[in-house]
Amino acid sequence: PAPAGQRMIDLFRDTDMRRVLIAGAVVMTGIDLFQLYIPLYGHQIGLSASAIGGVLAMLATAVFIVRFFLARLIERHSGEKLLLWVFLTGAVAFALVPFTTNAWVLGAVAFLFGLGMGIGIPLTVIMMFANSAEGRSGQTLGLRLTVNNAVRMSGPMAFGALGAVVGVTGVFWVLAGVMVVGAGLAHISGAKAK
């Protein structure tokens, strides 16, 4: 049972909890928007629907593969270090997309993205659970779901409006920057954990 007298808002006062919430939201945004904008970009560069589907299949394959290794990765590396990997691979993949006009190369970029970002969601769940106070893990994970669903609703709208201004290619550059900010957040968290 949760300790008496504690409110949901108290979770936001915990700096580590806030960082993990923000990191989880950035991971969710990155994954959702990659899957949203790759078909738009593929259409823009003239790829067929089946080629675009193949690119997205490479992403799904990488996510499937990397999650088999998640337990071993967590045993060997801290959550913050893995989160840094997640964001750096996301940033590199987002930055590479605008230079890619071939379905095979785009598939390789999507595979790289999946290898990094594929562990982001389960990793942030683990980190939220690990950082939750005694008796508050359910409340913490519920808050995570609430924040992520809010981001899933608002992210595509915000980046859709941005895409209307900067174009599809520009969105990939902005998302690469967002991933770099996430990497900085993970690096700061890792430094404080030491």
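Colleague: What is the relative accessibility of Phe69?

Modeller: Phe69 has a relative accessibility of 37%, so it counts as partly exposed. That class lies between buried (under 20% relative accessible area) and exposed (over 50%), with a 1.4 Å probe and protein chains only. The model is predicted: local features need pLDDT of at least 70, side-chain atom pairs count only at pLDDT 80 or more, and totals for chains, interfaces and linings use all residues. Residues are numbered from 1 along each chain as its sequence is written, and side-chain values use heavy atoms, leaving out hydrogens and water.

Colleague: Where does Phe69 lie?

Modeller: Phe69 is in the loop between helix H3 (49-68) and helix H4 (70-76). Helices are DSSP runs of H or I with at least four residues, strands are runs of E with at least two, and both are numbered from the N terminus.

Colleague: Which residues form the nonpolar patch on the surface?

Modeller: Phe64, Ile65, Phe68 and Phe69 form it, with about 430 Å² of accessible area together. Areas come from the Shrake-Rupley method with a 1.4 Å probe, and for residues only the protein chains shown count as cover. Patch members have over 30% relative accessible area and no salt bridge; nonpolar side chains (Val, Leu, Ile, Met, Phe, Trp, Tyr) are joined within 5 Å, like charges within 9 Å. A salt bridge is a side-chain nitrogen of Lys or Arg within 4 Å of a carboxyl oxygen of Asp or Glu.

Colleague: Changing topic, how many helices and strands are there?

Modeller: The protein chain has eight helices and zero strands. Of its 194 residues, 41% count as buried.

Colleague: Which residues touch the most other members of the largest nonpolar core?

Modeller: They are Phe34, Leu83, Phe87, Phe94, Val97, Phe113 and Phe172, in a core of 45 residues. H2 gives the most to this core, with 12 residues. A core is a set of buried Ala, Val, Leu, Ile, Met, Phe, Trp, Tyr and Cys residues joined through side-chain atoms within 4.5 Å.

Colleague: And what does Leu83 touch?

Modeller: Leaving aside residues up to four places away in sequence, Leu83 touches Ala23, Val27, Leu123, Thr124, Met127 and Ala186. A contact means heavy atoms within 4.5 Å. Leu83 is also one of the buried residues of H5.

Colleague: Is Thr29 buried or exposed?

Modeller: Thr29 is buried, because its relative accessible area is 13%. Thr29 is found in helix H2 (residues 15-44), and touches Val151 and Phe159, not counting residues up to four places away in sequence.
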